[in-house]
Amino acid sequence: MGSLVRHITIDSADAYQLGAFWAEVLDGTVHEDDKPGDEEVLVAGAGGTLLFVTVPERKAAKNRVHLDLQPQDRTRDEEVGRLLALGATLVGDHRVPDGRGWVTLADPEGNEFCVERSAAELAG
């Protein structure tokens, strides 16, 4: 048997603060042992586990890997509004008039991610 992905690790300036943002985004939880100031913070959600690690370097370029989110109980546009209210910023709007497309956002530390249409919207 080959390897499996245990979690996706994201470098950050403040692991706890960024982990708390992503816990809200994913309707997940910050691990009960993780506290503000910790160097590493685990966030568990229905889609998997993210590990945030504090590093001294700032983000310097576009992500080479990013997350694509699919809303589960709201439309893409409703989810984009919710995430902007949580502190995300708009990077690029790739929606087209027929409803296809996606929106690229950045988390509070500038890591890009995309919001796609919900399964209900894809089903039409």
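These exercises work through the sheet and helix of a predicted model.

**Exercise 1.** Which strands are the edge strands of the open sheet?

*Solution.* 
- Start with the order. The sheet has four strands, arranged β1-β4-β3-β2.
- Look for strands that pair on one side only. These are β1 (8-12) and β2 (29-30), the edge strands.

**Exercise 2.** Work out, pair by pair, whether the strands run parallel or antiparallel.

*Solution.* 
- Recall the background. Strands of a sheet pair through backbone hydrogen bonds, in either a parallel or an antiparallel sense.
- Take β1 and β4 (residues 48-54). They run parallel, and five bridges join them. In this pair, T9 stands opposite L51 of β4.
- Move to β4 and β3. Their pairing is antiparallel, with six bridges. Here V41 has F52 in β4 as its bridge partner.
- Finish with β3 and β2. They are antiparallel too, over two bridges. T29 has A44 in β3 as its bridge partner.

**Exercise 3.** How many residues lie between β3 and β4 in their hairpin?

*Solution.* 
- Find the two strands. β3 covers 40-45, and β4 covers residues 48-54.
- Check what lies between them. Two residues separate the strands of this hairpin.

**Exercise 4.** Which strands does helix α1 touch, and what angle does its direction make with that of β4?

*Solution.* 
- Locate the helix. α1 spans residues 15-25 and packs on the sheet.
- List its contacts. Helix α1 touches β1, β2, β3 and β4.
- Compare directions. The direction of α1 makes about 155 degrees with that of β4.

Definitions and conventions. Residues numbered from 1 in each chain as written. Predicted model: local features only at pLDDT ≥ 70, side-chain atom pairs only at ≥ 80, totals over all residues. Heavy atoms only, no water. Pairing = 2+ DSSP bridges. Contact = heavy atoms within 4.5 Å. Axes fitted to C-alpha atoms, helices over the stretch in contact; angles between N-to-C directions.
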